[in-house]
Amino acid sequence: MRNKLAALLLAFVTLVAATTVRTKDGFRLATAPYAFSFPRDHYAHDAYRTEWWYFTGHLRAADGHRFGYELTFFRIGLAPHPSRVAKGRSAWRAAQLYPAHFAITDETGKRFVYYETFARDALGQGYASQRRLEVRSNGWTLTGTSQVRPVMHLHARSGNDALDLVEVPEKPPAINGRDGISRKGSCVGCASHYYSFTRLATTGALVRDGVRYTVHGLSWMDHEYGSDELQRGQVGWDWFSIQLAGRREIMLYRLRQRDGGTTPQSSGSLVAPDGSVRYLPLSAFTIVPTGTWTSPHTHAVYPSGWRLRVKGVRDELILTPALADQELANPGGTTYWEGAVRVTDARTGARLGVGYVELTGYAGALKL
Amino acid sequence: MRTFAALFRALVTGYARANVLRAIVTLIAVALGVAASYAIDIANDTAVASFSKSVDVIANHVNLQVFGAGRGFDERALLRVQRLPGVRSASPVVEGEIGLGVHPGDPQSGELLRVMGIDITRAALPNGVDAAQAEANFDLHRFIDGNGIFVSRRIALRYRAPAGSLLAAYAGPRLVHLRVMGVIPPNTVGVDSSVAFVDIATAQELFGKIGLLDRIDIVADPARLDAIRAAIARVIPAGSRVLAPHTRLDEIKRMLASFQMNLSALADVALLVGMYLIYNAVAISVVQRKSEIGTLRALGARRREIFMTFVAEGGLYGAVGALLGLGLGFVLARFAVQAVQLTVSTLFVASHADGLVVTPFATAKALSVGIGLAMLSAALPARDAAATAPARAMRTGAGAEHRVPGLGRASAALGVASLVVAAALARLPAVGDGVPLFGYAAGIMLIVGASLCTPIVLAGAAGVVRAIRGNASTTIAAGFLRGSPRRFSVAIASLAVAVGMMVAIAILVGSFRATIVAWTHDTLGADLYIKSPGTVDAGFQGYFSPGVPRVVASVPGVAAVDTFRGFDVPFRGAFAQLGATDVRSLATRNELRFLGHPDVRALVRSMYDRNVVAVSEPFSTRFGLGPGDAFTLDTPSGRTRFRIAAVYNDYSTSGGTFMMDRATFARLYHDDTVDSIAVYAKPGVNLADLRSAIVRKLEPLRIDINTNREIRAYAIAIFDRTFAITNALYGISLTIAILGVVSTLFALVLERREEIALLRYIGLTRAGVRRTVLVQAAVVGVLAAAIGIGLGILLAADLIYVINRQSFGWLIEWRSPGWFYLEAAGMVIVAALVAAIYPARVASRIQMSQVLRAE
C-alpha cells in the first residue's frame, strides 16, 4: 500500500516537473528536446536567466612571445521581461546585468593579469542583442557577422592591457550534450543549451603592460544559456577544453558535489576533424589530478596538473598549467581559476596540443 | 626620594584622612570640572565621527570623488569618466533624505535617514552593503526593481522593519513604501546608523533626480592620480569638482568648528573654577600644618622638598579628581552628545550618534589638564609653605596669612591694566575663517582683571562691615576678612567668575532670542508656509516641482505665493548657502531686512534675471564682501561672476547666504524645483479653511503647512534647544563655585580656631560665632554678585560684539535682562549663606579645651 502511494506520488511529481519549463519568476528552463538554430542562437536569449560567451585561446606574437587569454561576457537576467520605460522612471531600472571578465596569461613573461567590469542595461553601458551578435559590457565588446559560422571581433581594454582579436571558426558549432541540452543534474531544467566553436583561427593585437604585440593563434568559444542550472549539493565544476594537434578537440566537465562525489550527469564532447561531435558520458573519461596549488590570494586549494584518459583518444594526456597562478579573485564577483595548460603525451612527453582549464567553487561554493 | 615620600606621608596623607569631608568636596569639584570638559570633548568628537561616517560612506580604495555644482549633474558624465585610462572603477551615487515616523503637519516629528543610491552591481561596494547582503537572502532583482532598501539595525528595530517588511517613509512630499532587503549589522566600519542604501534607480525616482547623479566615487591608479584627476576634470560638467575624498568632509568639519569651540570654552571655564578649589585645599593644609612644617624645616627639610610635597598634594587631588571626572564625564557625555547631535542635525546634516567616541587624546587631555592645573594651583600655597621660616612657624598661632602691605593696590593696578588689554584685544579681527581668538583672549583678560580687582574691593567692603556699629559679629567678621585677603579674594573671584559667565550667557541668550523673535516677526510676513514633511528647515532637496506653487496659487483665497529654493555650495574653502526667490516679490512684500535702507525698487530692477545678488550679513562679515563687491562661483553654466547689490539681516544660517533671483537661478543651474512656498491670503480669508483647502488640492502629495505664528514658535524652539547645553554648563560652573565658598569658609574657620576659641572664652556666644561666619559668607556673596554682574556685562559685550560677530557674523541687539541681575545676585547671596551653614556650625562647636590641648 505504502509503496503504491509512493510510486503514485513520484509519478505525479515527475509529471508536474516535466510540464514546468519555467522558473518561479518566469525564466525559461533548458529542457529537451531543443533544436539549435543558427545564426539566431549565437545571439542573446533574454528568456533564460544566465548566459555567457566564453573565449579562451593561445596566442603567439611575431617575436615568439606566448600568451593565453580569457574574455568572457556574462548576461544575468533579473527579470525575464524587459524593464518598463516610462517618464519619471530611472534609466537605471534594468532587467539585465552584463559582467565581463578579461585575463591575460603572459606565458613568456610569467605573469597573469585579470580585470572585471560590471554593467547594467542602463545608459548603454551593458547590452546584448537578441537580433545580431553584439554584446557589450562598458567598453568591452563582442560583435560578429550574422552567419552560422560568424566572423567575430573581440575587444577589451583595462589598465595597460588590451585585446583586439578577429576570430574565424574553422568548424561548425559543436553542440554539447544530447537532445539539445547539456545536463548538470538530474532535475528538470538542471541543464543548459551549450555549444562550442572548438577551433577559431585568431589574429589581431594584444597589448600587455603597454607593449603592443601583433598576434595569431587558436581560440575556443563556449556559448551557454539556461536558468537555475545547478542542483542542490553541487559546489562547483572542473571544465577542460583541449585542442589536439590532429585537429581534434575535447571538452569535459565534471560537476563536484559537496559530499566529494561527481554528479553522474557530468559529460563531455569529442570533436572530430570534420566537425562531427561524439557525446562523452562520465563513463567515457577519467580525470586524475596530479598536484595541488594553494592560492596566496584567497588561500583556496586548487588541483594543479591532471592525467586524462578519454575513450576514443589513444594517448593518455598530461595537462600542465602554463602558470600556477591563474586565479581570478574578483572583488565583486566569483573567484575561480581559469588557465592556459599545455597538453603532452603521458608516455613520450611529446607535445600534443593546448588547452584551457576552469576550476570553480574552490574558494567557497558557487552560487548561480 | 625617600625623604619626599616620608614628607608626603607626614604632611599630606594623614592630614587628608583626618579631613575626609573637605577632601571629598574638593574632589567632587575637580571631578565636576574635568567631567564637564571631558563630556564636551567626547560629545564633539562623537558628533564629528558620526557625521564623518554619514558623509564619508564609500567603498574601499576610493581616491577621487566628483561633485556637481547644483542639483546633481548629468549621469552620462559617468560613462565619460569610467572610460578614461587609469580609472579602475567609477561608482555613481545619488543621495537624498527620507523621513521616518513623520506626521505630516508636525514639523518636529520624525527622523531623517540619509539615503545613498548606489549601483550595487559594481565591484566597489560600500562595506555596509556588503555586510547586509551577506546576511540576507538577497534578491538583486527585487532590490533594483522593487524599491529595496538596506537599513541599519537601529532603524530596523526602532521602526519594526525587519528584512522582508515594508518601510513607510516620506521622500519629500510623497509617502513611499520601501522593501527592507537587509539589515546592516551595527558597528559596520564607516556606516552611521542613520545611513541607508537603495539602488541608484530607486534613489533617482525617490528624489526626483531622473538622469542625475550627486557624486561619482572613483578608484584611480594611485601612481597617476594627478594626471587622471586632470583628465576627469576635462570630461565632467561645468562647475563640477574632482576632490580627494576627505576634502569635502574637511570643509564641513570647518563649518562645525566654531560651534564646538564655543562649547569647549564654556566647559573649560568649569574646569578652571574647579582648580580654585585645589588652591584652596592645599592652602588650608599648608596653614594648618605651619607648625609641623616649621618643625620639619628645623629638622633639616629643604624648601624644595616642602614645595614639592604640597605640589604633589595638589597633583593628588587633581589625579583622583580627574579620574572621578573621567567616569562622571563619560556619564554626562551621553546627555551632551544628544544635545550636540540635535544641534548638528538641525543646523548641518542628518546623523545619529551610535556610540560615544572616546579618543585617547580627549582622555589624555582631561587627565593631564586636570592634574597639571591642579599642581599649578597648588604651587602658590606650596611656595608659601616652602617660605616658612623654621623659627617663626614653630611659634603657636602663627596667623594664616602674613599681610603684604599694598597688595590690594598693586593687584588692582594690574587688574585695571588687564581690563585695558582686554579692550584692546576686542578690537582685533578674527583669525582664519571666523575664529575669534582675540575675542576669547579678551574674555580671559576680563576674568583676570576682575579677579585682580577683587582684593581692593574686599578691603573696602571689610571697612564698610567694620563701620556697622554695635555688633561684635560684624566687627570680628571684618577682622577676619581683612586678615585673609588673599583667600577671600580668590573665593570671591571664583564665585564672581562663575556668576559672570552665567550673567554673560543669560544676556547673550536673552538678546539673541529677542533679536530672533524680532527678526522672524519682521521677515515672516506670509500667512502660511509650506514645506515637505520630515525635512529640517526647507529640506534643500528641491522636492516640489514648479507645478506645485502654481497649484497653490490657484486655490481660492490665495492672494500670492512666493517660492524659495536653496542649498549649500562650496565657497572659498567653506560652504555658503545659495538662495533663490522671485525678487519681484521684494518690492511689494518685503521679506528681507536690508541694511542701510536701499531703494528696494531699484534693487529689484538690478537683480531681476541678472547675476546680481543680495547677501546675508554673516556672509558679508565672513567673506569681507559688501555692496558693490563681486565674487565668482562655479555653476553648472561655468564660472560665473556675481555682483553684490545689498546686505540683509539674517539669522537662519551661520555660514551666510547669497540670494539671487529665481530666473537667474533657473538660467544658471537648470533647476526649477522649489523647497518651500510662502502663501499670502486674501484679506478676510479664514486661514484654517485655506490651509485645509491647500492640503486637499495638493493630494496625494503630503505637506507641512504652518501659519507664521507656528513657524516663529518652531524657530524659537530650535533656538532654545541649541542653547540647552549652555545652560547645563554654566550650572556646573556655578555648583563648583558654591563648593568653593564652602571650602573657603571651612578654611577660615579652621585657620582661626584659636581665635574663635579665644572669642568664645571671652564671651562670644555660639550664635555669635555662627553669625560671624554668616556675615563673612554674606560679604563673599554680595561682592561676588557685584563683581560677577559687572564682569558678566563686560563678557556679554565681548560675546555679542566680538566673539559672535567674528564667528557667526550675526548682529545681535543688546537686551539687558534687568530682573535677572537681581535674581542672580539674590541667588548667589543665598547660595553663599547656605554654603556657610555647615562651616558656621563647625565653628560654633569649637571648644576652648580642644584648642588649648593643641597648644
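Start with helix α17 of chain B: 29 of its 39 residues are buried, so α17(B) is largely enclosed by the rest of the structure. Buried here means that 20 or more other C-beta atoms, placed from the backbone, lie within 10 Å of the residue's own. This is a predicted model, where local features need pLDDT of at least 70, side-chain atom pairs count only at pLDDT 80 or more, and totals for chains, interfaces and linings use all residues. Residues are numbered from 1 along each chain as its sequence is written, with chains lettered from A and ligands numbered from 1 in the order in which they are written.

Chain A is built from one helix and 26 strands (DSSP runs, H or I of at least four residues for helices, E of at least two for strands, numbered from the N terminus). Its radius of gyration, 21 Å, agrees with the value near 21 Å for a compact globule of 368 residues (taken over C-alpha atoms; the rule is 2.2 Å times the number of residues to the power 0.38). In chain A, 48% of the residues count as buried.

Now for where the chains meet: 20 residues from chain B and 20 from chain A make the contact (C-beta atoms, placed from the backbone, within 7 Å). On the chain B side, α3 (77-82), α5 (140-145) and α7 (200-206) each supply at least two residues.

Key:
A residue is buried if 20 or more other C-beta atoms lie within 10 Å of its own, exposed if 12 or fewer, and partly exposed in between; C-beta atoms are placed from the backbone. Two residues are in contact if their C-beta atoms, placed from the backbone, lie within 7 Å.
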